[in-house]
Amino acid sequence: MTDTAIEAAALGRRFGRCGRWALRDCTFRLPTGRVCAVVGPNGAGKSTLLALAAGLLAPTEGTVTVLGTRPGEARARVGFVDQGKPLYPQLTVAETLRMGADLNPGRWDAPAAERIVAGGDLDPKSRIRSLSGGQRTRVALALALAKRPELLLLDEPMADLDPLARHELMGVLMAQAAEYGTTIVMSSHVVAELEDSCDHLLLVGGGRVRMAGEIDDLLAAHARVAAPAQTDLAPHTVVESRTTGRQLTALIRPAGPLPGDWRTHGPSLEELVLAHLRNPEAPALTPAQDQENAA
């Protein structure tokens with residue numbers, strides 16, 4: 001057993017010999033038992049990172065380990081739902097679930113798969129090609145969850161679902177994490193959707209990990225402040241600031257006690273993420289960065 005679900009060291013992936021870097025110099029560690037949000041804009045490298053962890057892509061540089069071993073060797077213990085939900089279109093729902101059982105002998109939880117499918121009122125005789133995007137998502141999640149994985153990787157899993165189905169399936173995922181200790185890693189554009197469910201964050205931007213760590217710790221490391229317009233924010237680390245009239249507002253990482261005449265409050269997760277995305281030059285906050293600062 002290992003206490004690390006995913007660990008990356010200077011991880012990078014480039015497409016084509018002279019192509020662009022989709023991901024580069026990513027270093028982070030995700031402990032087991034976490035529910036981790038991977039957030040960032042389109043093209044940031046989120047899907048590439050999940051595909052590397054799933055063993056579907058090989059790194060161009062650096063290393064990634066999954067559950068203490070190489071991604072390919074951990075595949076039987078990992079569930080993965082790709083953004084495109086690739087399923088065999090000619091199979092029926094029932095045949096797809098039987099295929100999952102055949103591919104995962106000894107690990108398959110047939111009642112769980114059937115409950116997830118039944119929750120969407122799907123006809124087991126329906127062919128995959130006749131299903132809507134949201135219905136295919138439900139079948140793909142049933143396959144991944146019934147495998148009873150130790151690590152579950154989900155690339156934009158809820159994008160095709162209506163709000164009611166998103167709420168229901170998010171509850172299923174949280175129940176899986178609570179009952180089996182499953183580590184769940186999910187990417188999403190909807191930060192507010194993840195705030196009540198996730199306890200760990202990877203913020204990816206420009207192909208690099210911009211923030212990584214426990215959400216409570218990341219929030220506690222920042223403060224949103226309001227002060228007179230000419231206020232000098234040094235020596236604090238400024239993530240984002242703007243001046244409106246006579247007032248300056250900023251998101252900072254305090255380097256010590258804040259003046260008593262500043263109005264301060266803690267940011268929400270969405271405020272924190274958006275501030276870092278709006279300012280790509282903001283200093284990163286990752287374990288690797290913390291080690292550099294300590295040195």
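**Notebook: pocket and sheet**

I started with the lining of the largest pocket and sorted its residues by type: 14 are nonpolar, three are polar and four are charged. A reminder to myself is that this is a predicted model.

The largest pocket holds about 650 Å³ of space. I found 21 residues lining the largest pocket. Nearest its centre I noted Gly 79, Phe 80, Leu 103, Leu 143 and Lys 147.

Then I asked myself: which elements each supply at least two residues of that lining? They are strand 5 (78-81), helix 2 (93-103) and helix 4 (133-146). Strand 5 gives the largest share of the lining, with four residues.

I looked up an open one of three strands, and I wrote down its order as 2-1-4, with antiparallel pairing. Which strands sit at the edges? Strand 2 (21-31) and strand 4 (61-66) do, and each of them pairs on one side only.

Last, I followed one pairing in detail. Strand 1 covers residues 4-14, and it runs antiparallel to strand 2, with seven bridges between the two.

Technical notes: Residues numbered from 1 in each chain as written. Predicted model: local features only at pLDDT ≥ 70, side-chain atom pairs only at ≥ 80, totals over all residues. Heavy atoms only, no water. 1 Å grid on protein atoms, 1.4 Å probe; cavity = no way out; pocket = protein on both sides within 12 Å on 5 of 7 lines; lining within 4 Å. Points joined across faces, edges and corners; volume = space filled by probe spheres on them. Nonpolar A, V, L, I, M, F, W, Y, C, P; charged D, E, K, R; others polar. Pairing = 2+ DSSP bridges.
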